[in-house]
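Dear colleague,

I am handing over the structure that follows, and I would be grateful if you could look through it with the notes below beside you. They take the fold, then the ligand site and then the aromatic rings.

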Amino acid sequence: MRMHFKMALLGAILFVGALALVGCNGGKNQTNIELIQDMMDQRALKSQKWDALRNKPEEMVPPAHTVPIGFTPYPYHNNPLEAEAKLVNPYAGDKFQSTLKRGKDRFDIYCSPCHGFDAKGDGTVAQFMPLKPPNLMSEMTRKFKDGRIYHIITDGQGLMQPYNTQIYKDSDRWAIVNYVRYLQSKTPVQ
Ligand code: HEC
């Protein structure tokens, strides 16, 4: 019995000693003593790396036909007319005014390089484009319903790429739509 007690005591002392050893990192900026080395030495994964061979973990792409959790597919892909008929701007009316600040902020970042800060098609990048981005103050764009402009942001149109991944929040797309409407309201038809 006494023997067992001594053994246990010795065990406890060794255990505490080992803990102290692991916990002690020999002062600042020194490497820890590594008992389980795999936990510290790992391959650094770079999320931007991609390789068609897909033979390294960070280069794997999601399996075909899978979607991230919470993803809702856009139902009007390649269907601007149905989008225009069915999409209703939830930020029209009372909420219109409150979205303009955000709308201007997002428009200036994502749309102005091509369409210009006043949406007249004269952004800084436009001068280098053989086919100019349209003036959104035109009669034609004014006649689009809000849903059509939302659709163009989400799904693109012709030469214009979709901005659904950059402007991923529904509310931000509608805020941009509202800001375009605001610009139209204070600019003569062009
Ligand atoms: C890289 C340049 C570029 C950017 C950035 C861009 N657009 Fe466009 N946009 C275009 C071009 C080019 C067209 C004409 C596309 C076509 O019909 O072939 C166009 C067309 C449009 C149209 C249709 C106008 C019409 O009368 O047919 C709308 C509305 C529009 N863009 C809104 C936006 C909004 C809102 C943003 C920001 C989220 C944006 N665009 C960002 C280049 C751009």
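**What was found**

Of the 190 residues of the protein, 27% count as buried. Please keep in mind while reading that this is a predicted model. The secondary structure of the protein amounts to seven helices and zero strands, so that, read from the N terminus on, its elements run α-α-α-α-α-α-α.

**The ligand and its surroundings**

Where does the ligand sit? It is found in the largest pocket, and there are 19 residues around the ligand, of which Cys 111, Cys 114, His 115, Met 160 and Tyr 163 come nearest. By class, this shell is made up of 15 nonpolar and four polar residues, with no charged residues. Helix 4 (112-115), helix 5 (139-143) and helix 6 each contribute at least two residues to the shell around the ligand.

With Leu 159 the backbone is involved, as one of its N or O atoms lies 3.0 Å from an oxygen atom of the ligand.

**The aromatic rings**

How many aromatic pairs does a search of the whole structure find? The search finds four. One of them joins Tyr 74 and Tyr 76, a pair that is edge-to-face, with 5.7 Å from centre to centre and 85 degrees between the planes. Tyr 74 has a relative accessible area of 21% and is therefore partly exposed, whereas Tyr 76, at 13% relative accessibility, counts as buried.

Why does the pair of Tyr 150 and Trp 174 count as stacked? The centres of the two rings are 4.4 Å apart and their planes stand at 25 degrees, which is under the limit of 30 degrees for stacked planes. This pair links distant parts of the chain, since Tyr 150 belongs to helix 6 (residues 146-155) and Trp 174 to helix 7 (residues 170-185), 24 residues apart. Both Tyr 150 and Trp 174 are buried.

Finally, ring pairs also link Phe 107, Tyr 179 and Tyr 182 into a cluster.

With kind regards

Notes:
Residues numbered from 1 in each chain as written. Predicted model: local features only at pLDDT ≥ 70, side-chain atom pairs only at ≥ 80, totals over all residues. Heavy atoms only, no water. Phe/Tyr/Trp six-rings, centres within 6.5 Å; stacked < 30°, edge-to-face > 60°. Buried < 20%, exposed > 50% of the residue type's maximum accessible area, 1.4 Å probe, protein only. Helix = DSSP H or I, 4+ residues; strand = E, 2+ residues; numbered from the N terminus. Near = heavy atom within 4 Å. Polar contact = N/O pair within 3.5 Å; in protein donor to acceptor, adjacent residues only side chain to side chain. 1 Å grid on protein atoms, 1.4 Å probe; cavity = no way out; pocket = protein on both sides within 12 Å on 5 of 7 lines; lining within 4 Å. Sits in = over half its atoms within 2 Å of the grid points. Nonpolar A, V, L, I, M, F, W, Y, C, P; charged D, E, K, R; others polar.
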